[in-house]
Amino acid sequence: MTRSRGILALVLALCAVLVTGCAGFPESGSIRYGLATGEDTGGSQNVTFIPNRPQPGATPEQIVEGFIDAGSGPGVNGTWAVAKEFLAPDLQEVWDPRATVRIDERAERAYSESDADEGAVTFSYEMVADVDDIGSYRRAELSSNSQSFRLAKQADGEWRITEAPDGIWLDEGQFPQVFHKYPLMYFDPTWQYLVPDVRWFPVVKAATWITDSLVNQAPNEWLAESVKTAFPDGATAVASVPVDETGAAVVDFEDDSLLSASPTALDRMVTQLNESLRAAGVSDVVMRVGSTPVEASPVAVRSTRVPAAPLVLTEDGFGFLSGDEIDQIPGLSPAVAAAAPTAVQVGPERDFAAAKLPGGQVARLTSTSTDAEILDTRAGLVDPTVDGFGYVWSVPEDQPAALRAYAPQSADAVDIADAWPDATAISAIALSRDGTRIAATVTSGGRTVLWVAGVVRDADGVVPVKLGQAVPLAIVGGPAGGVTWIDDASIGVLATGDDTSIVVEQPVGGPTVTSSATSGMQSIAGGTGVSSLRLRAEDGTLFVKRGTAWQPTATGVLVLATQQGAPQ
């Protein structure tokens with residue numbers, strides 16, 4: 001497979017030079033091949049593939065192959081006009097290219113004519129992942145698939161496809177060039193944080209796809225009960241969002257529901273649009289109703305960024321490691337040092353932390369006392385996690401459904417409903433810093449997998465009540481030793497391989513990136529972005545990823561802690 005991918009890379013490189021052949025000719029950089037003056041691409045056009053059109057006298061097999069390759073060319077209007085040329089007129093009218101994107105390995109593609117005279121062609125492929133009709137990326141089990149196509153000769157004597165499924169195919173090398181990931185931004189239930197719902201849309205006219213999904217459609221089903229949107233029911237954005245050369249976008253609304261919205265709601269709406277469209281190159285958004293601008297200004301939201309310095313416990317104490325010095329947290333550092341924990345997560349205000357004690361109990365540590373408040377004494381507890389409301393979350397390894405959240409300033413526990421119903425064991429949990437999602441490494445079907453679920457809270461958006469639908473993100477290549485949020489939309493997992501440590505970097509809604517580190521790594525902690533991801537070895541050495549390798553940066557670390565944000 002490695003050799004095949006190397007050949008594929010060479011072939012794609014040649015495609016960049018040759019106008020014909022392969023899957024189309026890519027134009028890179030600032031040149032926008034084939035665009036008329038003033039035509040909008042949504043503010044984020046980088047590469048355009050121009051697929052080959054049907055050739056006179058093409059065989060049924062060649063027509064099907066051309067159709068598959070034409071998935072790389074949405075065209076300037078995002079309608080896949082070239083792909084439609086391979087279809088019979090009746091099929092052109094109903095075929096929906098956006099229904100699904102099947103991401104496969106080009107080297108494994110094969111075509112066979114089962115009946116050349118009748119126009120029957122079978123296409124075989126290995127699917128890596130897919131993107132559904134709302135832009136959600138889903139990893140697929142690598143397996144062989146086949147699809148049958150029916151063709152018929154048209155009045156001009158040329159073969160055209162008469163039966164084909166909706167959707168397109170893209171090989172995994174082309175996919176991130178034709179489609180980019182864009183975070184749709186929603187609010188958490190308390191309107192303090194922005195929460196990303198990552199989608200994949202064509203680069204062409206990205207601003208239109210983003211706006212349509214954010215305003216006219218609901219959040220992803222698994223996340224819907226955990227977030228809020230400022231847009232009222234019935235609000236409808238026009239399906240065209242022009243972006244000028246300065247990066248300014250205009251979003252027109254078809255109805256006047258915005259006119260009755262409060263100034264606060266309008267400010268939140270423009271905040272969601274601004275932050276969602278930023279990834280498409282948009283720097284400013286104007287909302288209009290009936291060509292009249294709506295007065296609104298972005299609101300301030302709470303950041304989930306954390307300090308770049310690692311948070312550690314050493315013989316010199318607990319705090320942020322700066323060179324050889326420990327910058328202690330007033331009040332909390334003495335409490336952590338006194339507890340001598342095996343795991344620590346600090347709350348966003350740094351006034352409390354959850355800790356796993358040497359005896360296996362889960363406790364709350366505070367900045368006002370050096371005495372640990374023991375919360376959970378069940379056997380086999382995983383490392384705890386905390387949210388911004390002061391709840392400490394805990395669960396036993398052999399009872400994934402027995403997830404509890406312990407209330408602040410008390411030992412009262414909330415039993416979280418619908419927690420990991422299909423898991424037989426759980427090895428690690430971590431709440432996102434905005435408190436809307438929880439990641440876990442669980443055992444399901446005999447394998448260790450990474451799942452994520454939305455956190456559903458009460459009417460005030462504070463007390464956790466249940467988990468939403470669990471979404472599988474990745475298969476972990478061995479027993480998991482820890483899970484952490486790298487940033488708002490990515491999760492890191494540490495696992496044990498046969499003779500190495502495995503590090504998984506998993507976007508919530510994107511391809512998996514896996515790397516190897518020296519065996520014996522014990523814990524993992526995220527910071528702000530992949531460059532701040534750190535590992536701790538069993539001998540106390542701290543590692544950070546530089547390029548593709550994990551490099552030692554410090555020694556003598558007893559505990560590598562995680563943090564749930566920074567003080568306001």
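Leaving aside its neighbours within four places in sequence, with which residues is Ser213 in contact? Ser213 is in contact with Leu184, Tyr186, Arg199 and Phe201, where contact denotes heavy atoms within 4.5 Å.

The model is predicted, so local features need pLDDT of at least 70 and side-chain atom pairs count only at pLDDT 80 or more, while totals for chains, interfaces and linings use all residues. Residues are numbered from 1 along each chain as its sequence is written, and side-chain values use heavy atoms, with hydrogens and water left out.

**Ser213**

Ser213 belongs to helix H6 (residues 206-216); helices (H or I, at least four residues) and strands (E, at least two) are DSSP runs, numbered from the N terminus. Ser213 counts as buried because its relative accessibility is 3%, the cut-off for buried being under 20% relative accessible area (1.4 Å probe, protein chains only). Its C-alpha atom is separated by 9.6 Å from that of Ala237, 24 residues apart along the chain.

**Helix H8**

Within helix H8 (residues 332-339), the residues Leu332, Ser333, Ala335, Val336 and Ala339 are buried. They lie on the same side of H8, because they cover an arc of only 160° around the axis, taken from the directions from the helix axis to the C-beta atoms. The buried residues of H8 pack against strands S15 (317-322), S16 (325-328), S17, S18, S19 (362-366) and S20 (369-376). After H8 comes Ala340, with a positive phi near 50°.

**Pockets**

A pocket is an open set of points on a 1 Å grid over the protein atoms alone, where a 1.4 Å probe fits, with protein on both sides within 12 Å along at least five of seven lines; lining residues have an atom within 4 Å of a point. Grid points are joined across faces, edges and corners, and a volume is the space filled by probe spheres set on the points.

| Pocket | Volume | Lining by class |
|---|---|---|
| Largest pocket | about 680 Å³ | 18 nonpolar, 13 polar, five charged residues |
| Second largest pocket | about 420 Å³ | eleven nonpolar, six polar, six charged residues |

In these classes, Ala, Val, Leu, Ile, Met, Phe, Trp, Tyr, Cys and Pro count as nonpolar, Asp, Glu, Lys and Arg as charged, and the others, Gly among them, as polar.

Of the 36 residues lining the largest pocket, Ala343, Asp383, Gly481, Gly482 and Ser523 lie nearest its centre. Strands that each supply at least two lining residues include S17 (343-346), S18 (352-356) and S30 (480-487). S30 gives the largest share, six residues.

Terms used. Buried < 20%, exposed > 50% of the residue type's maximum accessible area, 1.4 Å probe, protein only.
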